[in-house]
Amino acid sequence: MMPVEEAFEIVLREAPALPDEAVALDDALSRVLAEDVVSDLDLPPFDRAAMDGYALRAKDVVAAPAALDVTGEVRAGQWPDLTVGPGQAARIMTGAPLPPGADSVKQVEKTQPLDEFRVTILSAVAEGANVAPRGSEVRAGDVVLARGRVIDPAAIAVLASSGKARVRVARRPVVALLVTGDEIVEVSATPAPGQIRNSNGPAVAAQARLAGAEVRILGVVPDRQEAIAEALRAGLAADVLVVSGGVSAGDYDLVEPALLELGATFLFTKVAIKPGAPLVFGRCGETLVFGLPGNPVSAQVTFDLFVRPALLKMQGARVLDRPRVAVELLGPVKNRSGRKSHVPARVRLEGGRLVARPVRSMGSGDLTAHARANALVVIEAERPQVAAGETAEAVLLGNFLEDDGAPL
Ligand code: AMP
Ligand code: MG
């Protein structure tokens, strides 16, 4: 069995970089940026009022309260047609350019109009107060987003402000997905005795889409080598072929022989991981092939730890792995497997530290327990048990940030 870290390195090494393409900003969400984005402007582009109030000269109001002559008004979107001289002020709105001569803005709440042409400034103001100076955030020519960034709403804002109506992103990897198993029936079916609904197909497709892939569903095939090989053939045009089930040591685990029949070469077929020891990775021509264990939790966890990073690497993403944090365990965890174990858990911040409560789970078939987890506590192979109160590493799952905050 191959150590997890070694298998991870092999997967990343084999994952080829995809070409990039231009997309409209509206279609850029969750894509991976394939260019360094440079600002064509100083930001702010001019000295900008940060408050509604009066543009003035700080030295005129050192001995506040002080009365100033109001010479006019500057609104957002207007270039000022006035200047502010000694003893003068101009009404100014948030987002408007500071008129020449003024060096600061006094917020309107700290002023009192005397009449139409005079205002009393009630307290002194520091030079530069309530003004965002030109170029103080970004200078024209600065790199504001680096290639490899996954485009999130904050990045969309930066792209928009940089004038990027179109943006270069990595092409989406195409993932072909095949589900195997004599017992597997469609979601809409009521399973007959001995049958199981296909949960891996939809779950893995969803994981692949969240990792940026375009998914082609190859369907469900029974445990017959010819049927598997024939279905797999249709997936070889994809960048990545993912197969669920049929990779354990049983008599009807025929994915490996079917892949061999198609000329695949394997880089590993077993990884020292729990859940999910049988995990096949190889190539078939230009296509990367993953054979995931059929157990639903194993399939999802091995996808998250190996397939997702490969898909992100192909898209040139800088961050490939899920975030990992140190957590204090609220309950004991056993690991008699001799493999690196990933235990479903709920992590949250409590009293200034991250704590993890293992989710009660019946094992790698318990997809309902897995759906309650927002993290996986990682227990090294040589650690047979970890007591409550001890510290462990946790991988935060994709739902961590959207977690509903339900009690542990
Ligand atoms: P396998 O890896 O094919 O030996 O399957 C291991 C376990 O996972 C068995 O209990 C299967 O019934 C179950 N299983 C396999 N494929 C799926 C699937 N697509 N959806 C849900 N459960 C599955
Ligand atoms: Mg099977």
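Strand E8 (residues 111-115) and strand E9 run antiparallel and are joined by four bridges, where strands are DSSP runs of E with at least two residues, helices are runs of H or I with at least four residues, and both are numbered from the N terminus. Two strands are taken to pair if DSSP finds at least two bridges between them. E8 and E9 form a hairpin with two residues between them, and proline 113 has valine 119 in E9 as its bridge partner. The model is a predicted one, in which local features need pLDDT of at least 70 and side-chain atom pairs count only at pLDDT 80 or more, whereas totals for chains, interfaces and linings use all residues. Residues are numbered from 1 along each chain as its sequence is written, chains are lettered from A and ligands numbered from 1 in the order in which they are written, and side-chain values use heavy atoms, with hydrogens and water left out.

Strand E9 (residues 118-121) is also joined by four bridges to strand E5 (residues 66-74), and these two run antiparallel; here aspartate 69 has arginine 118 of E9 as its bridge partner. Four bridges likewise join strand E4 (residues 53-56) to E7 in an antiparallel arrangement, with alanine 55 and valine 105 as bridge partners. In a regular strand the side chains alternate between the two faces of the sheet. In strand E7 (residues 104-107), Ser104 and Lys106 point one way and Val105 and Gln107 the other way, and all are buried, that is, under 20% relative accessible area, with exposed meaning over 50% and partly exposed in between (1.4 Å probe, protein chains only).

Six strands form an open sheet in the order E16-E13-E17-E21-E20-E18, with mixed pairing. Its edge strands, each pairing on one side only, are E16 (214-221) and E18 (265-270), and the twist averages 15 degrees from one strand to the next. Within this sheet, five bridges join strand E17 (residues 240-244) to strand E21 (residues 287-292), which run parallel, and leucine 241 has valine 289 in E21 as its bridge partner.

Helix H3 (residues 200-210) lies across E13 (174-180), E16, E17 and E21, running at about 165 degrees to E13; axes are lines fitted to C-alpha atoms, for helices over the stretch in contact, and angles run from 0 to 180 degrees between N-to-C directions. In helix H4 (residues 225-233), the buried residues are Ala227, Ile228, Ala229, Ala231 and Leu232, and they pack against E13, E16, E17 and helix H5 (255-261), contact meaning heavy atoms within 4.5 Å.

## The surroundings of ligand 1

Of the 17 residues around ligand 1, those that come nearest are Glu183, Asn198, Ser199, Gly246 and Gly294, a residue being near if one of its heavy atoms lies within 4 Å of the molecule. A nitrogen atom of ligand 1 is 3.1 Å from a polar backbone atom of serine 199, and a backbone N or O atom of glycine 246 lies 3.0 Å from an oxygen atom of the ligand. Taken alone, ligand 1 exposes 480 Å², of which the protein buries 79%; accessible areas come from the Shrake-Rupley method with a 1.4 Å probe, and for residues only the protein chains shown count as cover.

Histidine 342 is placed in strand E24 (residues 340-350) and is buried, with a relative accessible area of 5%. Leaving aside neighbours within four places in sequence, glutamate 393 is in contact with Arg324, Val325, Leu376, Val377 and Val378. Its side chain makes a polar contact with the side chain of arginine 324 (2.6 Å), a polar contact being a pair of N or O atoms within 3.5 Å, of which, within protein, one must be able to donate a hydrogen and the other to accept it, while residues adjacent in sequence count only if both atoms are side-chain atoms.

## Backbone exceptions

Most residues other than glycine have a negative phi, and most peptide bonds are trans. A cis peptide bond, with omega about -10 degrees, joins leucine 43 and proline 44, and proline 44 is placed in the loop between strand E2 (37-38) and strand E3 (48-49). The peptide bond from alanine 64 to proline 65 is cis too, with omega near 0 degrees. Serine 30, although not a glycine, has a positive phi of about 70 degrees and is partly exposed at 42% relative accessibility.
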